[in-house]
Number of protein chains: 2
Amino acid sequence: MPIAISDPDDPRIDAYRAVRERDLLGRESRFIVEGEVVLRVLVRQARFPVESVLLAENRIESLRDIVDGLPNAVPVYSANRAVMDAIVGFPIHRGILAVAKRLALPPATELLAALPARALVLGLVGLANHDNVGGIFRNAAAFGVDAVLLDATSCDPLYRKAIRVSVGGVLMVPFTRSPSASEMVADLQTAGFDVLSLSPSGRETLGAVRPAPRTALLLGAEGPGLPAALLARTRTISIPMKSGFDSLNVATTSGIALHHLSQG
Amino acid sequence: MPIAISDPDDPRIDAYRAVRERDLLGRESRFIVEGEVVLRVLVRQARFPVESVLLAENRIESLRDIVDGLPNAVPVYSANRAVMDAIVGFPIHRGILAVAKRLALPPATELLAALPARALVLGLVGLANHDNVGGIFRNAAAFGVDAVLLDATSCDPLYRKAIRVSVGGVLMVPFTRSPSASEMVADLQTAGFDVLSLSPSGRETLGAVRPAPRTALLLGAEGPGLPAALLARTRTISIPMKSGFDSLNVATTSGIALHHLSQG
């Protein structure tokens, strides 16, 4: 049975207080999930321990199967809309929130070593926009990417907006940080990955690439792209476009490339 | 020489007043463009008549080539940031705005008849989200789509946010409205187009499609997808995804499909 919360100041739901301000401050070892689709991914994947769930009263019935499937130790709180909005700090239309624990990020070498002989990995370099990182993880989940490596300047995939845009993809695809893009490439090459860098100046076109059993695809930010030093150490791939047009969005680019590479 | 505006109530810049409110009310025969990249597309394409330009004083120097290239009859106004923000109604960071005239939309049959023997057309059905329509036009411009048809329930590509997300793509790719999705398909088929409908339940996979000289691709909204009646009258195409994952974003889907079809 959900635990009814009627006082917005109830300390049991502290983790849900002032959601937007906490987005900026960070939640240390926790992250927050919104909406039914992403909550279902969180529970089904069972990769991240769920700490608690907070539901608007009118959502309990339709989520009965999730609530009943959670371990007994995980509290499910419920509140009416006014109390929930007061806790969260803004109108939370979907009325579904959960708090989960982050996992310790393994060294990239360890994550790569655990992958199968046929594997497809993404490497994100300088991707600081949560929409783009969320969109890339959505595509990574859709095309069965085995792991994502992020350099130190890319943003947090477990930021609330990135999770939402990924439609739960960040909860499905294993990821970790590389200390630098240079070490990322070195680790991938040592682990037997053919490293492809997407770049408008790429020497090969995507459509002509036949992926190796272990293939990694590097993506850089839309403006600056990938650093020249990385391009020099990898196979550079371009997506042919009509002349005179600027560029594709990086999340769209990831979808195009993953569709091609996952067919190979 | 730009015309300096120092009074936010100056009637000459009425078209720039209260930009966000006017987004909702509509601008009748006009639309508004923001930022350097899109303004350059607007001027370079010369499809839509520019009515006026409003620049923050500190942007004039870097846009001198555009200002000098405009017809003499097109007024270029300048204002300092405080006056510009007061006119527009919110802080307009990029300090670059223009107002242009819409074109009358031709009947779909007329637009299709004017296309070359080899042509790639997009048909949008029920796409009410400006981000998605903007993203689709960005991809359409990148892959050289010849025309876009929109059904009556799809949103306006010349809405301010759609233009911005398209990075000017909506100013490059000709588009018009079809009275209904059903008439859209009929017009495409009469004009000799092989009509492909993207759908998770599609009978062929995208990677196996060899595009006909005249190919049209129909896209529907992410939740409902394309109506069954349309699927029954067209070739249905799916993008294979990892089982258990929901779906791709429709703009990403358009990029994946256009990349494949434009290689054929």
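Which strands of chain A does α11(A) lie across, and at about what angle does it run to β11(A)? Before I answer, please keep in mind that what we are looking at is a predicted model. In this model, α11(A) lies across β6, β9 and β11 of chain A, and the helix runs at about 165° to β11(A).

Let me turn to the sheet itself. Strands of a sheet pair through backbone hydrogen bonds, either parallel or antiparallel. Here, seven strands of chain A make up an open sheet in the order β8-β7-β6-β11-β9-β12-β10, and their pairing is parallel. At the edges we find β8, residues 175-177, and β10, residues 204-205, each of which pairs on one side only. If you look at β9, residues 194-198, you will see that this strand pairs with β12, residues 235-238, in the parallel sense over three bridges, and that A:S197 stands opposite A:T236 in β12(A). Helix α9 of chain A, residues 181-190, also packs on the sheet, where it touches β6, β7, β9 and β11, and its direction makes about 170° with that of β6(A).

Now back to α11, this time between the chains. The axes of α11(A) and α11(B), which span residues 250-263 in each chain, come within 8 Å and cross at roughly 50°, and the two helices are therefore oblique to each other. The crossing in which α11(A) passes α11(B) is right-handed. In α11(A), the residues A:T252, A:G255, A:I256 and A:H259 meet B:T252, B:G255, B:I256 and B:H259 in α11(B). Sorted by class, this contact has two nonpolar and six polar residues, with no charged ones.

How values were computed:
Residues numbered from 1 in each chain as written. Chains lettered and ligands numbered in written order. Predicted model: local features only at pLDDT ≥ 70, side-chain atom pairs only at ≥ 80, totals over all residues. Heavy atoms only, no water. Axes fitted to C-alpha atoms, helices over the stretch in contact; angles between N-to-C directions. Helix = DSSP H or I, 4+ residues; strand = E, 2+ residues; numbered from the N terminus. Parallel < 35°, antiparallel > 145°, perpendicular 65-115°, else oblique. Left-handed = near helix turned anticlockwise from the far one by under 90°. Contact = heavy atoms within 4.5 Å. Nonpolar A, V, L, I, M, F, W, Y, C, P; charged D, E, K, R; others polar. Pairing = 2+ DSSP bridges.
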